[in-house]
Amino acid sequence: MSTIRLIEGGTQTTVQDLAGRPGLWDVGVPPSGAADELSFALVNAAVGNPESAAGLECVLTGPVLTCDEDRLICIGGAANNATIDNLPVRPGMVVRLPAGAVLDVGPLAGPGMRGYVAFEGGLDVPRVLGSRSTFVLGGFGGHDGKPLAAGDWLPLGRRENLLSPLSVDLPAMSDCWQLRVIPGPHGAPEHLTAEGVEAFFANSWIVDHRSDRTGIRLVGPVPGWARTDGGEAGLHPSNVHDSAYPVGGIMLSGDTPVIVGKDGPSLGGFVVPAVVIEADRWMLGQLRPGDSVQLAPVTLEVAEDAIRGRRRWLADLRQEPPTVAPEVSRPDRPKALHQSAGAEAAPPYTAGRQTAPPYAGKRQTTPPYTIRCAGERHLLVEAGPAELDLTVRVWIHLLAQALRDDRPDGVVEIVEGVRSLLVAVDSTRLGLIALAERLAFLAAGLADPSEVVLPAREVTLPIAFDHPEAHEAMRRYATSVRPDAPWCPDNVEFIRRVNDLHDRDEVFEIMQAATYLVVGLGDVYLGAPVAVPIDPRHRLVTTKYNPARTWTPQNAVGIGGIYLCVYGMEGPGGYQLVGRTVPVWRLSRNDEQPWLLRQFDLIRFTPVSTEQLAHERAEIAAGRADLQVTPATFSIADVRRIEQEAPVDIATIRAKRRAAFEAERARWGA
């Protein structure tokens with residue numbers, strides 16, 4: 001077997017392929033793959049490789065390596081200082097790397113952020129969940145899920161290329177970028193003011209130093225919000241009930257725009273006012289801290305023309321690269337591709353307050369819903385008003401199931417949110433208008449969600465409240481991000497205060513008494529559940545961090561808005577932390593399903609000591625134990641029964657928590 005050997009690993013050098021691992025966004029597995037997919041595709045094609053071949057991606061400093069047999073290579077991206085045995089290598093040119101010669105990719109001094117190396121035959125590392133790409137945060141793919149280090153060996157693929165090698169023209173790097181975006185799915189007047197939308201696109205943003213493959217943070221002015229809060233979704237106006245993000249979606253995490261990257265989260269609770277078009281998504285891999293970014297809104301037609309030009313170029317590299325289209329006019333409000341009867345009468349927000357569903361009490365089984373574009377490759381269905389309504393959540397699930405059962409060719413992702421459904425397409429096979437028509441047809445034939453009984457499981461999870469790792473995350477945030485945040489230094493004390501509880505232990509007592517319904521998977525990666533108490537009396541109200549944490553321990557348990565989340569892995573996050581539990585994701589070698597929880601599971605928490613939790617965590621991670629599970633069912637009738645048994649208690653507690661919520665916000669204002 002032919003191999004390459006790393007003499008020096010460079011900075012964050014990983015194995016990546018082009019497509020990554022699509023199809024698992026609904027359980028929180030990001031696609032990964034090359035961050036600059038255009039440069040990677042070009043150098044891969046240059047050496048004659050098929051699209052599926054894997055190569056190397058590096059950041060800021062490239063690796064130094066040698067090969068035990070002659071291979072053709074091509075360097076690209078921001079790698080402008082590569083040498084072979086101290087002789088310079090021109091980017092985009094196919095050259096031979098002789099056996100035993102030393103390739104030094106060198107420093108990536110800018111402009112641009114990432115460099116790529118393609119090898120004739122590709123890198124033959126094992127596929128994990130369908131891809132050779134490395135997902136470092138998840139610890140899988142590539143070379144044992146890790147960045148490469150000195151002494152690592154990687155197997156080379158066989159020389160069976162069908163394409164002739166051909167040097168290529170690479171895209172130009174810059175420190176001043178224009179990203180074409182499609183406005184929406186969220187915008188004015190529900191979330192941002194018309195002036196706020198104009199300023200969002202008119203402003204020049206700066207790339208923050210905390211950007212990485214999960215997301216590109218942008219620094220600039222505070223968005224022009226049209227509301228004062230997100231209601232049950234959280235205290236900040238950026239907060240929405242959990243909804244899926246497209247890669248390239250620009251979410252407003254608090255007041256900070258973050259462009260979702262190839263290793264980004266699939267599900268979260270933030271407004272998305274724009275999505276980077278597919279043809280410009282490669283630039284996200286080259287944005288360097290300090291670079292300036294202008295967001296240029298364009299129409300769907302411009303976006304579709306741009307990606308068609310890209311495909312023609314990649315199909316015939318002898319063509320001239322496509323030119324960038326000029327900016328065109330855009331609608332102030334994201335255009336709806338389909339709107340059901342009554343959708344106009346159900347605005348998501350009214351002066352920061354939730355409105356009653358217009359279909360409540362009527363024999364109407366379909367909530368008002370709207371279908372909008374989220375870029376040119378995704379549709380977002382949003383149903384009902386912007387409040388938690390579990391009947392709407394069941395309706396969304398029924399619509400997703402109907403689409404899965406009658407899946408048109410070209411649908412590549414189906415991701416359920418709390419009151420939304422994100423559907424991704426391969427635009428070469430399926431258009432968004434045809435998909436919107438199909439979804440409207442399926443919606444008309446769904447069963448009454450209030451009468452459906454769903455199969456479920458009751459899952460008992462051990463929890464160590466006030467876990468030391470949760471407090472370490474709070475400490476790091478207060479030290480390096482925002483020491484004056486109202487949830488510092490103690491998240492549990494913050495939850496107590498904004499819910500008008502007597503002491504910290506009452507937070508834990510309410511959580512222990514609650515039965516949480518899983519209403520989403522993949523909130524903060526890898527099968528992580530977003531869940532809500534079935535009994536409204538157990539719904540603690542809080543808000544998400546603004547800005548978000550840069551570090552959260554694996555399997556931390558947090559509350560944001562009225563929702564609870566178990567973090568599937570170590571990484572960023574915004575929920576208020578209360579403790580830690582056992583793994584909810586376990587990747588094994590015997591093809592077992594790695595995500596351990598399912599939609600509509602019923603979760604109960606049992607308090608344990610930190611020491612006992614450490615033991616149970618190790619047992620589950622090693623496969624020697626499993627989650628404690630018993631069969632169950634869920635129906636809206638279960639929820640209605642609770643509401644009918646204690647209407648006064650529920651109303652009293654809601655009013656009390658809303659008053660505390662308002663008082664907290666008044667303190668912020670003062």
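**Figure 1. Cis peptide bonds in two loops of the predicted model.** P189 lies in the loop that runs between β12 (176-183) and α2 (194-202), where helices (H or I, at least four residues) and strands (E, at least two) are DSSP runs numbered from the N terminus. The peptide bond leading from A188 to P189 is cis, with omega near 0 degrees. A cis bond, again with omega near 0 degrees, also joins G110 to P111; P111 is found in the loop between β9 (102-104) and β10 (114-119). The structure is a predicted model, in which local features need pLDDT of at least 70 and side-chain atom pairs count only at pLDDT 80 or more, whereas totals for chains, interfaces and linings use all residues. Residues are numbered from 1 along each chain as its sequence is written, and side-chain values use heavy atoms, with hydrogens and water left out.

Figure 2. Most residues other than glycine have a negative phi, and most peptide bonds are trans. L60, although not a glycine, has a positive phi of about 65 degrees. L60 sits in the loop between β3 (55-59) and β4 (64-67) and is partly exposed, with a relative accessible area of 34%. Here buried means under 20% relative accessible area, exposed over 50%, and partly exposed in between (1.4 Å probe, protein chains only). D144, likewise not a glycine, has a positive phi of about 55 degrees. D144 is placed in the loop between β10 and β11 (153-155) and is exposed, its relative accessible area being 57%.

Figure 3. Five bridges connect β22 (residues 369-373) with β23 (residues 378-383) in the antiparallel sense, and I371 has V381 of β23 as its bridge partner. Contact means heavy atoms within 4.5 Å; axes are lines fitted to C-alpha atoms, for helices over the stretch in contact, and angles run from 0 to 180 degrees between N-to-C directions.

**Figure 4. The largest nonpolar core around L439.** Such a core is a set of buried Ala, Val, Leu, Ile, Met, Phe, Trp, Tyr and Cys residues joined through side-chain atoms within 4.5 Å. The largest one holds 126 residues, of which L439, M511 and F634 touch the most other members. Helix α4 (residues 390-405) gives the most to this core, contributing 10 residues. Leaving aside residues up to four places away in sequence, L439 touches I371, L379, V381, L399, L403, L421 and V423. A second, separate core of 72 residues includes C58, C74, V125 and L252.

Figure 5. The whole structure contains 37 salt bridges, each a side-chain nitrogen of Lys or Arg within 4 Å of a carboxyl oxygen of Asp or Glu. R281 forms one with E37, the closest N and O atoms being 3.3 Å apart. Because R281 lies in the loop between β19 (274-276) and β20 (292-297) and E37 in helix α1 (residues 37-46), the pair ties together parts that are 244 residues apart in sequence. R281 is buried, at 12% relative accessible area, and E37 is buried at 11%. E416 forms a salt bridge with R404, with 3.0 Å between the closest N and O atoms; E416 belongs to strand β24 and R404 to helix α4. E416 counts as buried at 3% relative accessibility, whereas R404 counts as partly exposed at 27%.

Figure 6. A search of the whole structure finds 16 aromatic pairs. Rings of Phe, Tyr and Trp (its six-membered ring) pair if their centres lie within 6.5 Å; planes under 30 degrees apart count as stacked, over 60 as edge-to-face and the rest as tilted. F135 and F140 pair edge-to-face, 5.6 Å centre to centre with 75 degrees between the planes, and both residues are buried. W487 and F494 are also edge-to-face, at 5.8 Å centre to centre and 80 degrees between the planes. W487 counts as buried at 1% relative accessibility, and F494 is buried at 0%. Ring pairs link F135, F140, Y525, W585 and W595 into a cluster.

Note on methods:
Pairing = 2+ DSSP bridges.
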